[in-house]
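Hi,

Here is the structure I promised to pass on. Have a look at it first, and then read on for what turned up in it.

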Amino acid sequence: MTRLPGLGTKDLDRLGLSMPALRALKVALTTRGGSKYHLPRDEKSFRLGGGCRHRGSAEFATLHHLLEVISDICLRCRVQLPGPADALWRVTALVAGHVAELERVRDADAMKTWLGYARYAARLTSDDEAHIARELERATADPSLATDAAELSAAWRRLLADRTAFLEQCADACPPIETFNGAHEAVKRAADAPELAACAQVSAAVGPVSADRGLSWRREEREVRAVVCRAWQQARSRGASAAQAAELARAAAGRLMDKAVVRDVTALPEPVLGGERFTSPAAWATAELAVWWPKVVAAACRRLEEEFEAETSASASRLLLISDWPLTYERDADVAYLATSARFGPAVPFGYRQGGGYGDILQTTAPGPSYAVVVAAPENIVDKLVAEQDELLGRFDTPRFQAGVTFTGGKPPAWAAEEMLREAFPYLPADADGEDPTASDEVEQARAVHATASEPLPEQWYDRDDLFRQGFYIWTPDRDGGLELLKDIARYRQGFVRLDLECGRRNAEPFLASVFGTVRPGDGPNLEFSAAGRHGPLTVPLHRVVAVTGAPDWKPGGSFPHPAEPLWQLYSAPERNRYRY
């Protein structure tokens, strides 16, 4: 059991949460004359020399609110909470940490660069979101914590919305991508359009407005036309829809117009409001401006969309498989803008970063898993990246960028991204969705081959564990006790395993592959597989599993561009007494 993370009442107050059940949690503690609290002494473990030696007798223990004293408890005294309360505590600390981080980076200059954007975007992955969802569900197992869990779930959703809005604001503040794209050309083609001239008329009515860029103290003179074009172009270049781009342009113009004052009433259009209800001409002019400028911005966005559709009807996008995602290294500064590109399909395991790429927003020192993803970008950008990579790629280096199919319109063919992802990792989370939970003929035949090649099951657990770990005993779901036996082995086994399984959708072309990592029995007839033992759990139903055995010669992958061992390989049938990896 790992130590409880730090959490205090100030963290709950920052989140605006009451959470009465969490605040009411109490723990019995003792003191021994020092500044730290200690858990009461367990007489049995104390006699055996275990635990903290400063623990006092339970008869002198007093109750304390855990939120108030958690930071003053001895590091060697590990407070243990019941399962649901433990889940609620940990997920609350995780959400509080993300909220504090968002507050900390709001004014960071690093967030005005694409590298800073990519680093902060990578701080929360789909694995993190899935983990929080599971922990919240575990917390609701205790009815007394259901109210707290619901309140925390609402705070989590608010955080996700705030985080998304902040990233959009950061992307707007980042430098324009100096490459060809349809949005950039659309702005150029609409330069003389009357709809954009109306934006200039709004600026004429209010004069130049001094506005900050939203992320620092620096200020600059801004005009409505420039603000609208920039916000719309940035949104469309990142793959946002027409409605999203228009909303972002309106929001950017709104932040500017909040500081605007009418200086030239002759530049206003014909009044649409009666002047008798206003106390002064200035108030009337302000009201007319508030009605007028949103219509002008909406008309400008419609014209930009018309030019964009005309431009993109002849232009094309291309899929790009990026290995060692996210783009958070210093070397990724020139391509970090791809972090805003539209993604297709899940992020699949690729490798593990021994150091660098995560950490603080201004540091890259923490290790962590890396992924492979498929994004869509303008065709010329993809071609340029691949061409530059081919010039620098060593003979034994793994290519980081791989180009896919070219397409026009909003989405590529459904099969295209999936096919590229399977080159990086064969099994995708949705492979078994909605299918009959029975093993296919190919899986049954492969299991029979494994049963013939495997050594017999020893009676003693240590012999069983050793043969399994060395790759001589092969576990299959249909013999030797099935899942219960694997639970027994997993209790003692150390090291990596080879999992043979069926990949792909059955209505397409399924195939067998071998993946390397760690496994443990999941809830129900499933296995929880972790690629290289370092990635988030991937649920594999038993009817897709062929066999599991040890892989003593396999070593976990390193970081790009020199991963030590591949995470998977095509399936090959074993031979008697030669099934070792």
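Let me start with a contact between a charge and a ring: Arg-163 lies over the face of Tyr-120, 4.6 Å from the ring centre. There is another one like this to look up, where the charged end of Arg-534 sits over the ring of Tyr-352, at 4.3 Å from its centre. Before you go further, please keep in mind that this is a predicted model, and everything below is computed from it.

Next, the aromatic rings. How many aromatic pairs does the structure hold? There are five. One of them is Trp-114 with Tyr-117, an edge-to-face pair with 5.8 Å from centre to centre and 70° between the planes. Both residues belong to helix H6 (residues 114-121), where they are three residues apart, or about one turn of the helix.

Trp-232 and Phe-308 make another edge-to-face pair, with 5.7 Å between the centres and 90° between the planes. This pair links distant parts of the chain: Trp-232 is in helix H11 (residues 224-237) and Phe-308 is in helix H13 (residues 281-312), 76 residues apart. Both Trp-232 and Phe-308 are buried. If you like ring clusters, select Phe-496, Phe-516 and Trp-554, which are linked by ring pairs.

The largest pocket has a volume of about 1000 Å³. It is lined by 34 residues, and those closest to its centre are Asp-127, Arg-134, Gly-536, Pro-537 and Leu-538. Two or more lining residues come from each of helix H7 (126-139) and strands E8 (348-353), E9 (368-378), E12 (511-521), E13 (526-531) and E14 (538-541). Which element gives the most to this lining? That is H7, with six residues. By residue type, the lining of the largest pocket divides into 17 nonpolar, ten polar and seven charged residues.

The second largest pocket comes to about 900 Å³. Its lining has 29 residues, and nearest the centre are Tyr-117, Ala-121, Leu-167, Ala-339 and Arg-343. So Tyr-117 turns up again here: it pairs with Trp-114 and also lies among the residues nearest the centre of this pocket. The elements giving two or more residues to the lining are H6, H7, helix H8 (146-173) and strand E7 (342-343). H8 supplies the largest share, five residues. This lining divides into 17 nonpolar, seven polar and five charged residues.

Last, a sheet. Three strands form an open sheet in the order E2-E1-E3, with antiparallel pairing. Strands E2 (37-38) and E3 (62-65) stand at the edges with a single partner strand each, so one side of each has no neighbour in the sheet. Strand E1 (residues 26-31) is joined to E3 by four bridges, and the two run antiparallel. To find the spot on screen, look for Val-27, which stands opposite His-64 in E3.

Cheers

Note on methods: Residues are numbered from 1 along each chain as its sequence is written. This is a predicted model: local features need pLDDT of at least 70, side-chain atom pairs count only at pLDDT 80 or more; totals for chains, interfaces and linings use all residues. Side-chain values use heavy atoms; hydrogens and water are left out. Two strands pair if DSSP finds at least two bridges between them. Rings of Phe, Tyr and Trp (its six-membered ring) pair if their centres lie within 6.5 Å; planes under 30 degrees apart count as stacked, over 60 as edge-to-face and the rest as tilted. Buried means under 20% relative accessible area, exposed over 50%, partly exposed in between (1.4 Å probe, protein chains only). A charge sits over a ring if NZ of Lys or CZ of Arg is within 6 Å of the ring centre and within 35 degrees of the ring normal. On a 1 Å grid over the protein atoms alone, a cavity is a set of points where a 1.4 Å probe fits but cannot get out, and a pocket is an open set with protein on both sides within 12 Å along at least five of seven lines; lining residues have an atom within 4 Å of a point. Grid points are joined across faces, edges and corners, and a volume is the space filled by probe spheres set on the points. Ala, Val, Leu, Ile, Met, Phe, Trp, Tyr, Cys and Pro count as nonpolar, Asp, Glu, Lys and Arg as charged, and the others, Gly among them, as polar.
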